[in-house]
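Let's take a walk through this protein together.

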Amino acid sequence: MKQTGFIFDLDGVIVDTAKYHFLAWKNLANELGFEFTEEQNEFFKGVSRKRCLEILLKIGKVDATQKQFDQWMIEKNEDYLNYIVKMNASEILPDVPRVLEFLKERKIPIALGSASKNARPILQKVNLLHYFDCIVDGNNVTKAKPNPEVFLIAAKQLNVASEHCVVFEDAVAGIRAANTANMVSVGIGDEKVLHEAQFNFNDFTEIDNSFLERLIKK
Ligand code: B16
Ligand code: MG
């Protein structure tokens, strides 16, 4: 039997940091004189910080010099980090620890594959860092999802063939990245949005141990 590897996205899969990203982008939008809604924030999920700011400025019809752009990137992240420092294990999404523990007990390699450059401190804050054999995040990639780079690097670091990797994702771009990498894609969230995934669940409470066993033996 071939070794199976599991790759988890962070935001929207392990923790709900989308609400903090939203608040930080909203604060910046308000400072620049326009509104930013939760509906608009949906399009920011799984998208890099730089790309998010480009979209935000388009929404607000704001032109920026390179210097302003860089400054606003820093400002948004500092604001975001002020929310992150207050995070704790209570913010882990339901049943994530059970799934991680189940895989760990079976010595299954586990990776994080996230667009965030703050992945490590967040995992540390919620006390989950020790589950991960490798962390691949926004600091390690040059091409954003839907490019499969983040997951391909993770598979390589886990020393598992791509076709034997399982990816949990909440963003369409992430599902596409997993499919392009020839990995098993599991959508976490709205099935209508994530219909390109091979499997769909609202959250990890719907994923039982027998399903995980099946993925391991695939
Ligand atoms: P940062 P994921 C993504 O995380 C978020 O979904 C996205 O909204 C955010 O802009 C991106 O990380 C970059 O985050 O500003 O912390 O580097 O879903 O890929 O885990
Ligand atoms: Mg995500």
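What spacing do the donors of the magnesium ion (ligand 2) follow along the chain? They follow D-x1-D-x158-D.

## Before we start

This is a predicted model, where local features need pLDDT of at least 70 and side-chain atom pairs count only at pLDDT 80 or more, while totals for chains, interfaces and linings use all residues. Residues are numbered from 1 along each chain as its sequence is written, chains are lettered from A and ligands numbered from 1 in the order in which they are written, and side-chain values use heavy atoms, with hydrogens and water left out.

## The magnesium site

The magnesium ion (ligand 2) is held by Asp9 (OD), Asp11 (O) and Asp170 (OD), at 2.0 to 2.2 Å. A donor here is an N, O or S atom within 2.8 Å of the metal (3.2 Å for Na, K and Ca), and water is not among the atoms, so sites may look incomplete.

Asp11 and Asp170 link distant parts of the chain, 159 residues apart. Asp11 sits in the loop between strand S1 (5–8) and helix H1 (18–31), and Asp170 in the loop between strand S4 (165–169) and helix H8 (172–180). Those labels come from DSSP runs: helices are H or I with at least four residues, strands are E with at least two, and both are numbered from the N terminus. Asp11 and Asp170 are buried, where buried means under 20% relative accessible area, exposed means over 50%, and partly exposed lies in between (1.4 Å probe, protein chains only).

## The sheet

Now look for an open sheet of 6 strands, in the order S3-S2-S1-S4-S5-S6, with parallel pairing. Two strands pair if DSSP finds at least two bridges between them. At the edges are strand S3 (134–136) and strand S6 (199–201), each pairing on one side only. On average, neighbouring strands are turned by 20 degrees against each other, direction ignored; axes are lines fitted to C-alpha atoms, for helices over the stretch in contact, and angles run from 0 to 180 degrees between N-to-C directions.

Helix H7 (residues 149–158) packs on this sheet and touches S1, strand S2 (110–113), S3 and S4, with contact meaning heavy atoms within 4.5 Å. The direction of H7 makes about 160 degrees with that of S3.

S1 joins S4 through 4 bridges, running parallel.

Why is S4 largely enclosed by the rest of the structure? Because 5 of the 5 residues of S4 are buried. Cys165, Val167 and Glu169 point one way, and Val166 and Phe168 the other. On to strand S5 (residues 184–188), which runs parallel to S4 with 4 bridges: Phe168 partners Val186 there, and Glu169 partners Gly187.

## Two domains

The chain is divided into domain 1 (5–16 + 89–217) and domain 2 (18–84), with bounds from an automatic or database domain assignment. Their centres, taken over C-alpha atoms, are 25 Å apart. The contact takes 11 residues from domain 1 and 11 residues from domain 2.
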